[in-house]
2 protein chains.
Amino acid sequence: MRRGTEANLIDKIASISRGSRFVKTGIGDDAAVIDLPRGRYVVTTDTLVERIDFLPDELPFWIGRRAAAANLSDLAAMGAGPVGCLLTLGLPARRGLDYGWKIARGVTSKMAPWNVPLWGGDLSRAREVFVTLCLVGRARRPILRSGARPGNRVFVTGTPGAAAVALAARRRNRGRPPRADERAHLDPTPRIEFARRLERGRLATAMIDVSDGLSLDADRLARASGVALELSGAKSGTLSTSSDDFELLFCVAPKNIEAVLAAARQTGTPLSEIGRVVRGEGIFRLKDGKKRRLAPVGYDHFSR
Amino acid sequence: MRRGTEANLIDKIASISRGSRFVKTGIGDDAAVIDLPRGRYVVTTDTLVERIDFLPDELPFWIGRRAAAANLSDLAAMGAGPVGCLLTLGLPARRGLDYGWKIARGVTSKMAPWNVPLWGGDLSRAREVFVTLCLVGRARRPILRSGARPGNRVFVTGTPGAAAVALAARRRNRGRPPRADERAHLDPTPRIEFARRLERGRLATAMIDVSDGLSLDADRLARASGVALELSGAKSGTLSTSSDDFELLFCVAPKNIEAVLAAARQTGTPLSEIGRVVRGEGIFRLKDGKKRRLAPVGYDHFSR
């Protein structure tokens, strides 16, 4: 009996979809059936598109890992831990189904440390590759963008702007397995463990992930909180970079700074203090004692 | 202060995202925060891609409605009612953001009868339009594909193959507002109310939505249930059509047939009995007393 190649790929993906937490019926019916306990859930979806979010000749396994990292970073920004996900693949016929299989393996490999099951998904032909993940997580007290208060200090994990440097390295090494210096672009580390500690300890008043550039995302947090941010500790180069670092920008009341630094040490998370929250609106840079308003610069899909 | 046009569209979509059921924090943070009661949930995702699932010059409002219908149909196939959704749009720069806005309005208008909130989503540039919805629903006892038993009767809602006829009509009228005879392609009716009655009354043993063609989806249900289906009542033309009707194919124990017919009357759902479940595997057609095995024919994204 003829069976579509599409069905074969779906069977193959179902065979590697991990874990069974909450799952009553997984891949293979019209929809997945999930038994969820009562609670506060966090849902996000993030899409990578060929030429926009990754190089056209990128290796599919690494496209999958990057898609997973982008979505995990959104959960980290809420202080949430992942519970389950759905994967949608758009694939040009010329790529072949093995290409889709490698993307799926990349996604599941990146999710593996948290044992996140693939609840389901969809597969379609398309003119260019796109990868959409929908990720569900949980957090008792999700950390919003809107809780920053004057007097808070501003921190950022990792090295903002590193993804832009890594992308440049990747361009020179394209089509080959990534080297260590390409990881910040291709395989960023979701800051889930660190963010979970911030959430459990109520250590951050507001948080956002830096996905479109430090100044643009800092401006979004300031706007949501109705405050201004003075960013004296950030290098001016990183503020004007439109970089998708998937690092966390967050605000901390002074009494919690020691606990935040301890959480960073315990989870091996690089951390920099880059400024403070003040009354007002927008973002500013302090240099030689002078305060200069910054225009939020970053990535917008439709403004260029 | 400069704000991206992308942010403007997201704000606009947030303003029409309906209802607040379960929603603690909606569009505008890194992820949506949803308070869910304990229960059995059903999650599905379905994508429409330009040229594959709709004509390139289709009107965006109707693309949105069709995307919503496809996802609602997956929930109906489980006997579930919708709870919330996430919308991802891939948009070519030449289309402009107003095009995305019209798709979003189409989605929300189609979801409106069930008051389904838009929890969140994503927006990306792309070479061709794609629309991905992730839809969450609930059902106490979801109706799977795997419960059909010999002796059950086989029913189908609506008119299988109607979408193919309507697509042909749409091709002749393309670019203009759809006429009534184009609805089965462009604006199919999700059978949610009827399916909810089947679920609440435990009236169906197995169910699937006909999204890739009657014979292919009947074969999927037979395979999942470990049975064979004799399809004597279906017109042979409709069996060989690769049609995305979004109608329901389901199996009923004889004692429940009266209740099923009553549910169809009460919800205004057209219904046909097209066969019965027997021991064996695969799908058969009875004609002039002779039993002939049918090859499942239908849509596979990658086999042609």
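A salt bridge is a side-chain nitrogen of Lys or Arg within 4 Å of a carboxyl oxygen of Asp or Glu. By this rule, eight salt bridges are found across the interface of chain A and chain B. This is a predicted model, in which local features need pLDDT of at least 70 and side-chain atom pairs count only at pLDDT 80 or more, while totals for chains, interfaces and linings use all residues. Residues are numbered from 1 along each chain as its sequence is written, chains are lettered from A in the order in which they are written, and side-chain values use heavy atoms, with hydrogens and water left out.

**Interface of chain A and chain B**

- Contact (heavy atoms within 4.5 Å) links 71 residues of chain A with 71 residues of chain B.
- The two chains bury about 6,200 Å² between them, 53% of it on carbon and sulfur atoms; buried area is the accessible area (1.4 Å probe) that two parts lose on being put together, summed over both.
- One salt bridge joins the side chains of A:Arg40 and B:Asp35, at 2.6 Å from N to O.

**Strand pairing**

- Strand 3 (residues 39–49) of chain A and strand 2 (residues 32–36) of chain B run antiparallel and are joined by five bridges; strands (E, at least two residues) are DSSP runs, numbered from the N terminus, and two of them pair if DSSP finds at least two bridges between them.
- A:Val43 has B:Ala32, in strand 2 of chain B, as its bridge partner.

**Residue B:Thr108**

- B:Thr108 counts as buried because its relative accessibility is 11%, buried being under 20% relative accessible area (1.4 Å probe, protein chains only).
- Leaving aside neighbours within four places in sequence, B:Thr108 is in contact with B:Ile16 and B:Leu118.

Terms used: Helices (H or I, at least four residues) and strands (E, at least two) are DSSP runs, numbered from the N terminus. Buried means under 20% relative accessible area, exposed over 50%, partly exposed in between (1.4 Å probe, protein chains only).
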